[in-house]
Amino acid sequence: MEMESLTIFCAVASELSVTQAAARLGRAPSSVTTRIQQLEADMGAQLFVRTNKRMALTAAGERFLEYAQRLLALAEEARHVVTGGREGGTLRVGSMESTAASRLPALLAAYHARYPATRLALSTGPSRPLIEQVRTGLLDCAFVALPPAFGGAAALGELGLASASVWREELCLLLPASEGPVRRAVDVRTRSLAAFPQGCTYRSIAEEVLGMAGSTQWRVQELSSYHAMIACVAAGACVTLLPASVLALSDAPATLKTLSVGQADTLLVWRAGFDVPAFQHLLVQLDVKLQELIRTRSES
């Protein structure tokens, strides 16, 4: 089970095409096919289903993919640590969509300017899946928010994760123009919530403040972006909950109404003991940006 074979396997799993994976890796297709066949023989299991010119991962292949990705990441981490970060390495960062939109552009741009040799790989998703990906090593760190029922930093510690609070977000309900005067979340008349899929902390908070538990009147329209959620609210079909920092970046109609529903901390989580130079550089850069923010606020 050589690293090169794992790299080839992950490329084919990503492209679901030997030809495209070969082009991406700069290898001959026949060489890629041979490597996959050797890996399948070594594993004693078929990793791909081949029908005509199409490929798909088998159940065994799907299970093996996560291990292959973790093995490759661990090998790169070891190389990065041993060389003291001279090779730059890759830092795999996870983030909620809201944080990626409102907080990360300036932070990651400054990081890249200071450490250009390090490749930043950013992926977004709901908080719970991101936490699991950090725990299993698929991500090096992630910016998440914890739902009230999660158990806070103590629960993260039980998973072998460390955390630090980096931002505090003001949360607001965005309401259609057709909503009457609303002073409390439970007074909202619209009975549809636009939200990310289950696992999103802000969705959990919205369901709690709106009193949706056990109610048969509410329905949830699952969407993949805040732009779509705001559009649904503008159309009068839904309400949504989002950070005020994200709302400030949008072109939401001025006729929409907002209701403040409190605050939520954004945490940076990572595996306890994870100490590669690229991650330590992120902590340093993050502290610099936070100090700049504090200074700006104090001067205004």
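Biologist: Is arginine 103 buried or exposed, and what is its relative accessible area?

Modeller: This is a predicted model, and in it arginine 103 has a relative accessible area of 19%, so it counts as buried, the cut-off for that word being under 20%.

Biologist: Which residue forms a salt bridge with arginine 103?

Modeller: The general idea is that side chains of opposite charge can pair when their charged atoms come close. In this structure, arginine 103 forms a salt bridge with glutamate 169, and the closest N and O atoms are 2.9 Å apart. Arginine 103 sits in the loop between α5 (97-102) and α6 (104-114), whereas glutamate 169 belongs to strand β6, so that the pair links distant parts of the chain, 66 residues apart. Glutamate 169 has a relative accessibility of 2% and therefore counts as buried.

Biologist: Where in the chain do arginine 27 and glutamate 4 lie?

Modeller: The side chains of arginine 27 and glutamate 4 meet in a salt bridge at 2.3 Å, N to O. Arginine 27 lies in the loop between α2 (18-25) and α3, and glutamate 4 lies in helix α1, 23 residues apart. Arginine 27 is partly exposed, with a relative accessible area of 26%, and glutamate 4 is partly exposed too, with 37%.

Biologist: Let us turn to sheets. What is the order of the strands in the open sheet of six strands?

Modeller: In general, the strands of a sheet pair through backbone hydrogen bonds, either parallel or antiparallel. Here the open sheet of six strands has the order β4-β3-β5-β10-β6-β9, and its pairing is mixed. The edge strands, each of which pairs on one side only, are β4 (119-124) and β9 (240-243). Neighbouring strands of this sheet are turned by 25 degrees against each other on average, with direction ignored.

Biologist: Which sense of pairing, parallel or antiparallel, joins strand β3 to strand β5, and which joins β6 to β10?

Modeller: Strand β3 (residues 90-95) pairs with strand β5 (residues 141-144) in the parallel sense, over three bridges, and valine 93 stands opposite cysteine 141 in β5. Strand β6 (residues 161-175), by contrast, pairs with strand β10 (residues 257-271) in the antiparallel sense, over 14 bridges, with alanine 162 opposite tryptophan 270 in β10. Strand β6 is also joined to β9 by four bridges, and these two strands run antiparallel; leucine 171 stands opposite proline 243 in β9.

Biologist: Which way do the side chains of strand β7 point?

Modeller: In a regular strand the side chains alternate between the two faces of the sheet. In strand β7 (residues 192-195), Ser192 and Ala194 point one way and Leu193 and Ala195 the other way, and all are buried. Strand β7 pairs with strand β8 (residues 219-222) in the parallel sense over four bridges, and alanine 194 stands opposite glutamine 221 in β8.

Biologist: Which residues of helix α10 are buried?

Modeller: An α-helix has 3.6 residues a turn, so residues three or four places apart point the same way. In helix α10 (residues 226-234), the buried residues are Tyr226, Met229, Ile230, Cys232 and Val233. Seen down the axis of α10, these buried residues fall within an arc of 155 degrees, so they line one face of the helix. Helix α10 is followed by glycine 236, whose phi is positive, near 80 degrees.

Biologist: Finally, which residues make the nonpolar surface patch?

Modeller: The patch, of about 470 Å², is made by Met1, Met3, Met43, Tyr67 and Leu71. Methionine 1 is placed in the segment before α1 (3-15), and tyrosine 67 is placed in helix α4 (residues 59-82). Tyrosine 67 has a relative accessibility of 51% and so counts as exposed.

Key
Residues numbered from 1 in each chain as written. Predicted model: local features only at pLDDT ≥ 70, side-chain atom pairs only at ≥ 80, totals over all residues. Heavy atoms only, no water. Patch = residues over 30% accessible without salt bridge, like charges linked within 9 Å, V, L, I, M, F, W, Y side chains within 5 Å. Areas by Shrake-Rupley, 256 points an atom, 1.4 Å probe, with all protein chains shown as cover. Salt bridge = Lys/Arg side-chain N within 4 Å of Asp/Glu carboxyl O. Buried < 20%, exposed > 50% of the residue type's maximum accessible area, 1.4 Å probe, protein only. Arc of directions from axis to C-beta. Pairing = 2+ DSSP bridges. Axes fitted to C-alpha atoms, helices over the stretch in contact; angles between N-to-C directions.
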